[in-house]
Amino acid sequence: MASPLRRFLAATATTIAVTTASVLVGFAAPAQARPTPRPHSTMRYQEHNDTSAPLRSMAPVPVGTAPRPTDSIPHMPQQPVAHRADPVVQTSMSAAAPTPSASFDGLGQGFSGPQGSFSVTGVPPDPNAAVGANQIVEVVNTGVAVFSKTGATLYGPA
């Protein structure tokens, strides 16, 4: 005959085993029933990289002659209606700002260069520039121009 201590230990072990199994089943069931969360962004990976011909060997396409995709975004935003002054508008130039050694206008409304004139195709524009050893390349929306560091237009707008 089993001693009372052995019966107690066997009953306790059985209770622990049943409780653990029911807890594990309880955790596993809701996890399977939960829908998988939808991602907030889409990951896309490059399929192919290419190298273009040198810019100097390309025939320029005058701005406005290439087909443009149509979009549903209006090109002119609404002017904001402000009832109070904007607290972050800069009203004076900082003394720490460097003095430019050369300054000239880049691509913008009314700009003219060797390949014709440029007009802004979207508001707000998306300007980007890269400075090399001798030239500055500026891209605004669908237009590109190349400038010397003194401001002479070497190519563009195209």
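1. A word on terms before we start: contact here means heavy atoms within 4.5 Å. With that in hand, Glu 138 touches Gly 106, Leu 107, Pro 127, Asn 128, Ala 129, Gly 143, Val 144, Ala 145 and Phe 147, leaving aside residues up to four places away in sequence. Please keep in mind that this is a predicted model, in which local features need pLDDT of at least 70 and side-chain atom pairs count only at pLDDT 80 or more, while totals for chains, interfaces and linings use all residues. Residues are numbered from 1 along each chain as its sequence is written, and side-chain values use heavy atoms, with hydrogens and water left out.

2. Let me stay with Glu 138, which sits in strand 4 (residues 135–140); helices (H or I, at least four residues) and strands (E, at least two) are DSSP runs, numbered from the N terminus. Glu 138 is buried but has no salt bridge, and the nearest side chain of opposite charge, Lys 149, is 15 Å away. Buried means under 20% relative accessible area, exposed over 50% and partly exposed in between (1.4 Å probe, protein chains only). A salt bridge is a side-chain nitrogen of Lys or Arg within 4 Å of a carboxyl oxygen of Asp or Glu; for charge, Lys and Arg count as positive and Asp and Glu as negative, with His and the chain ends not counted. The side chain of Glu 138 does reach the backbone nitrogen of Leu 107, at 2.8 Å.

3. On to the rings: the structure holds two aromatic pairs. Rings of Phe, Tyr and Trp (its six-membered ring) pair if their centres lie within 6.5 Å; planes under 30 degrees apart count as stacked, over 60 as edge-to-face and the rest as tilted. Phe 104 and Phe 147 have ring centres 5.4 Å apart and planes at 45°, so this pair is tilted. Phe 104 belongs to the loop between helix 1 (4–33) and strand 1 (112–113) and Phe 147 to strand 5 (residues 143–148), so the pair ties together parts 43 residues apart in sequence. Phe 104 is partly exposed at 29% relative accessible area, whereas Phe 147 is buried at 1%.

4. The other pair joins Phe 111 and Phe 147 edge-to-face, at 5.7 Å centre to centre and 70° between the planes. Phe 111 is also in the loop between helix 1 and strand 1, so its pairing with Phe 147 in strand 5 ties together parts 36 residues apart in sequence.

5. The largest nonpolar core has seven residues: Leu 107, Phe 111, Phe 118, Ile 136, Val 140, Ala 145 and Phe 147. Strand 4 and strand 5 are the elements that give two or more residues to this core. A nonpolar core is a set of buried Ala, Val, Leu, Ile, Met, Phe, Trp, Tyr and Cys residues joined through side-chain atoms within 4.5 Å.

6. Ser 148, found in strand 5, is buried with a relative accessible area of 13%. The side chain of Ser 148 makes a polar contact with the side chain of Thr 150 at 2.9 Å. A polar contact is a pair of N or O atoms within 3.5 Å; within protein, one must be able to donate a hydrogen and the other to accept it, and residues adjacent in sequence count only if both atoms are side-chain atoms.

7. Two backbone spots deserve a look. A cis peptide bond, with omega about 0°, joins Gly 156 and Pro 157. Asn 141, in the loop between strand 4 and strand 5, has phi near 50°, a positive value in a residue other than glycine.
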